[in-house]
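These entries record what I looked up in one structure.

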Amino acid sequence: MTEESASKLIPKVDGWNLLNEGGTLKLKRSWKVKSFTKGLEMFQLISDIAEAEGHHPDLHLVGWNNVTVEIWTHAVGGLTENDFILAAKINALDLHHLLRKKVTA
């Protein structure tokens, strides 16, 4: 998939960003979770979908509460339509009980 094609699809997956990492296009999204264990719970929810789809994203838990997911198709070295489908399915998960509440001033 070209960057132009990906740019047309990115608005359909709210919260995800298009990343060009050394010529490899990826989808990337980050969340702040309530705790380290909530991050692991989030990974389990995402892994259940990923396993069912046979499509496995890169999952990162940095620090104790920063979760980042990167999706791309390793076999083609970039993005396919299936990557956007997986991102949409992750967006459909109910993650509110895992996420930190936003602090209002």
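**Entry 1: a term, and the kind of model**

I first noted that a strand is a DSSP run of type E with at least two residues, numbered from the N terminus. I also noted that this is a predicted model.

**Entry 2: tryptophan 31**

With that term in hand, I looked up tryptophan 31 and found this residue in strand β2. Is tryptophan 31 buried or exposed? Its relative accessibility is 9%, and the limit for buried is under 20%, so tryptophan 31 counts as buried.

I then listed what tryptophan 31 touches, leaving out residues up to four places away in sequence. The list holds Trp16, Met42, Asn65, Asn66, Val67, Val69, Ile90, Leu95 and Leu99. I also checked one distance: tryptophan 31 and glutamate 21 are ten residues apart in sequence, and their C-alpha atoms are 20 Å apart in space.

**Entry 3: the nonpolar core**

I recalled a general point before going on: in soluble globular proteins, nonpolar side chains tend to be buried together. Which members of the largest nonpolar core touch the most other members? This core has 25 residues, and the ones I looked for are Trp16, Leu27, Trp31, Met42, Val69, Ile71 and Ile90. I noted that at least two residues of this core come from each of β2, α2, β4 and α3.

**Entry 4: helix α3**

I asked which residues of helix α3, spanning residues 81–91, are buried. They are Asp83, Phe84, Leu86, Ala87 and Ile90. Viewed down the axis of α3, these buried residues fall within an arc of 160°, and therefore they line one face of the helix. I then recorded their packing partners, which are α1 (3–9), β2 (24–32), α2 (36–53) and β4 (66–71).

Glycine 39 has a relative accessible area of 0% and is buried, whereas aspartate 48, at 44% relative accessibility, counts as partly exposed.

Setting aside neighbours within four places in sequence, I found glycine 39 in contact with Val33, Leu61 and Val67. Glycine 39 and isoleucine 49 are ten residues apart in sequence and 16 Å apart from C-alpha to C-alpha. For aspartate 48 and tryptophan 72, I noted 24 residues in sequence and 17 Å between C-alpha atoms.

**Entry 5: salt bridges**

How many salt bridges does the whole structure hold? A search finds five, and I looked up some of them individually.

In the first entry on my list, lysine 8 pairs with glutamate 4, with the closest N and O atoms 3.8 Å apart. These two residues are four residues apart in helix α1, so about one helical turn separates them. Lysine 8 is exposed at 58% relative accessibility, and glutamate 4 is exposed at 55%.

Next, lysine 38 forms a salt bridge with glutamate 41, and their closest N and O atoms are 3.7 Å apart. Both residues lie in helix α2, three residues apart, which is about one turn of the helix. Lysine 38 is partly exposed at 23% relative accessibility, and glutamate 41 is partly exposed at 35%. Elsewhere, I found that salt bridges with shared partners join Glu21, Lys26 and Glu70 into one network.

Lysine 26 is buried at 7% relative accessibility, while glutamate 21 is partly exposed at 39%.

**Entry 6: a nonpolar patch on the surface**

Finally, I asked which residues form a nonpolar patch on the surface. They are Phe36, Leu40 and Trp64, and together they have about 320 Å² of accessible area. I located tryptophan 64 in the loop between β3 (58–62) and β4. At 46% relative accessibility, tryptophan 64 counts as partly exposed.

How values were computed: Residues are numbered from 1 along each chain as its sequence is written. This is a predicted model: local features need pLDDT of at least 70, side-chain atom pairs count only at pLDDT 80 or more; totals for chains, interfaces and linings use all residues. Side-chain values use heavy atoms; hydrogens and water are left out. Buried means under 20% relative accessible area, exposed over 50%, partly exposed in between (1.4 Å probe, protein chains only). The arc is that of the directions from the helix axis to the C-beta atoms. Contact means heavy atoms within 4.5 Å. Patches are made of residues with over 30% relative accessible area and no salt bridge: like charges are joined within 9 Å, nonpolar side chains (Val, Leu, Ile, Met, Phe, Trp, Tyr) within 5 Å. Accessible areas come from the Shrake-Rupley method with a 1.4 Å probe; for residues, only the protein chains shown count as cover. A salt bridge is a side-chain nitrogen of Lys or Arg within 4 Å of a carboxyl oxygen of Asp or Glu. A nonpolar core is a set of buried Ala, Val, Leu, Ile, Met, Phe, Trp, Tyr and Cys residues joined through side-chain atoms within 4.5 Å.
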